[in-house]
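Visitor: Could you walk me through this one slowly, please?
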Amino acid sequence: MKTLGEFIIEKQHQFPHATGELTALLSAIKLGAKIINRDINKAGLIDILGESGQSNIQGEKQMKLDAFANEALKAALEARGVVAGIASEEEDHLVIFGKDKATHGKYVVLMDPLDGSSNIDVNVSVGTIFSIYHRITPIGTPITEEDFLQSGHKQVAAGYIIYGSSTMLVYTTGCGVNAFTYDPSIGVFCLSHENVQFPSTGNMYSINEGYYSKFPLGVKKYIKYCQEEDDATNRPYTSRYIGSLVSDFHRNLLKGGIYIYPSTAQYPMGKLRLLYEANPIALLAEQAGGKASNGTKRILDIEPRKLHERTPLFVGMESMVNDAEKFMAESI
Ligand code: AHG
Ligand code: MN
Ligand code: MN
Ligand code: MN
């Protein structure tokens, strides 16, 4: 049995010039995940279900656990002294850590502390998503928004934690994807899925079909394609939608499928946020042999303009994303 801690240190030793700072950062995320996991598990008992009464900058009602997860992860990341600051779905602006850390921390982290919060109160899987970059501004100066507005292909590492029937941490540092299942009896994440790759065939499509009438024509046509019968391509596909990006992506990664959140009449730029939802999921998808696009363009090549920018997202098996893109291109 290999623990996440051992795995991270093993990887660090493969890079002779590594300073151990990324190891410390990943270990902070591991600690934050354990704290969030503990409280999600007993949320119904300690009065942290339901809405907090506040809204976040996206105009979404914040759940108590959104705010709790944000604080837990922020504290864990600040404590290690290797992160200069964070950006989060639940923070209006970037957060710069204490003076010394702001000048000396080498990394910035972007995060969706709790993904799928509408599922919390009904005991359905939720997640945490993180994205890690080297800061661009020189060490010794304060970090700025420029450090956070980097294209996804510059990510140093990215991953998610899924709080499901078991809790798992899935991450990449750009050398494949590895997944670790949490053993609560010993409080340790253990390597359970080494070098995860999308299967070569799959038949799941995940999209909120309730918004069908508001979708672009290409997406409507692709959904119809998924529903048509064709033995050669194993159609009709199976529709699966949890309403939590992490859970939907995780299932499609293991079983083979595509997740789509396109532009809609309500959300002309889609609903998902580029920097802390689409980019980290896109890096994982590519590292697992899949593909992520906004319908026409690679997610990881988008130049971000603001912290809470949204993007349409088509992510999953490469062949399925290619098909969806084809329908989009034909319907312009
Ligand atoms: P979050 O809970 O972090 O705000 O993210 C919610 C996102 C994503 O997880 C999910 O796939 C999507 O919103 C669901 O949206 P709809 O309810 O519009 O389908
Ligand atoms: Mn939200
Ligand atoms: Mn989310
Ligand atoms: Mn969230």
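This is a predicted model: local features need pLDDT of at least 70, side-chain atom pairs count only at pLDDT 80 or more; totals for chains, interfaces and linings use all residues.

Visitor: Which domains is the chain divided into?

Guide: The chain is divided into domain 1, covering 4–195, and domain 2, covering 204–330, with bounds that come from an automatic or database domain assignment. The C-alpha centres of the two domains lie 23 Å apart.

Visitor: And how many residues does each domain put into the contact?

Guide: Domain 1 gives 37 residues and domain 2 gives 28 residues, where two residues are in contact if their C-beta atoms, placed from the backbone, lie within 7 Å. On the side of domain 1 that touches domain 2, at least two residues each come from β3 (83–88), β5 (107–115), β6 (126–134), β7 (157–163) and β8 (167–172). Strands here are DSSP runs (E, at least two residues), helices are runs of H or I with at least four, and both are numbered from the N terminus.

Visitor: Which strand supplies the largest share of that side?

Guide: The largest share, five residues, is supplied by β6. By class, that side of domain 1 divides into 16 nonpolar, 17 polar and four charged residues, counting Ala, Val, Leu, Ile, Met, Phe, Trp, Tyr, Cys and Pro as nonpolar, Asp, Glu, Lys and Arg as charged, and the others, Gly among them, as polar.

Visitor: Switching topic, why does ligand 1 lie between the domains?

Guide: Ligand 1 lies between domain 1 and domain 2 because both of them give residues to the shell around it. The residues around ligand 1 include Glu60, Asp112, Ser117, Asn208, Gly243 and Lys271, and a residue is near a molecule or strand if its C-beta atom, placed from the backbone, lies within 6 Å of it.

Visitor: What classes are in that shell?

Guide: The shell around ligand 1 has five charged and five polar residues, together with one nonpolar residue.

Visitor: OK, helices now: at what angle do α2 and α3 cross?

Guide: The axes of α2 (residues 21–41) and α3 (residues 64–80) cross at roughly 150 degrees and come within 8 Å. Axes are lines fitted to C-alpha atoms, for helices over the stretch in contact, and angles run from 0 to 180 degrees between N-to-C directions. The two helices α2 and α3 are therefore roughly antiparallel to each other, since angles over 145 degrees count as roughly antiparallel, under 35 as roughly parallel, 65 to 115 as roughly perpendicular and the rest as oblique.

Visitor: Which residues make that contact?

Guide: Among them are Ala24, Leu31 and Ile35 of α2, and Phe68, Ala72 and Leu77 of α3. The residues of this contact of α2 with α3 divide into 15 nonpolar, one polar and two charged.

Visitor: What about α1 and α2, how do they pack?

Guide: Helix α1 (residues 4–13) packs with α2 at an angle of about 165 degrees, their axes being 10 Å apart, and α1 and α2 are therefore roughly antiparallel to each other. The contact includes Leu4 and Ile8 of α1 and Leu26 and Lys30 of α2. By class, this contact of α1 with α2 has four nonpolar, four polar and one charged residues.

Visitor: Last topic, which peptide bond is cis?

Guide: The peptide bond from Arg235 to Pro236 is cis, with omega near 10 degrees, and Pro236 is found in the loop between α5 (217–227) and β12 (238–239).

Visitor: And where is Asn195?

Guide: Asn195 is in the loop between β10 (188–193) and β11 (204–206), and its phi is near 45 degrees, a positive value in a residue other than glycine.

Conventions. Residues are numbered from 1 along each chain as its sequence is written. Chains are lettered from A and ligands numbered from 1 in the order in which they are written.
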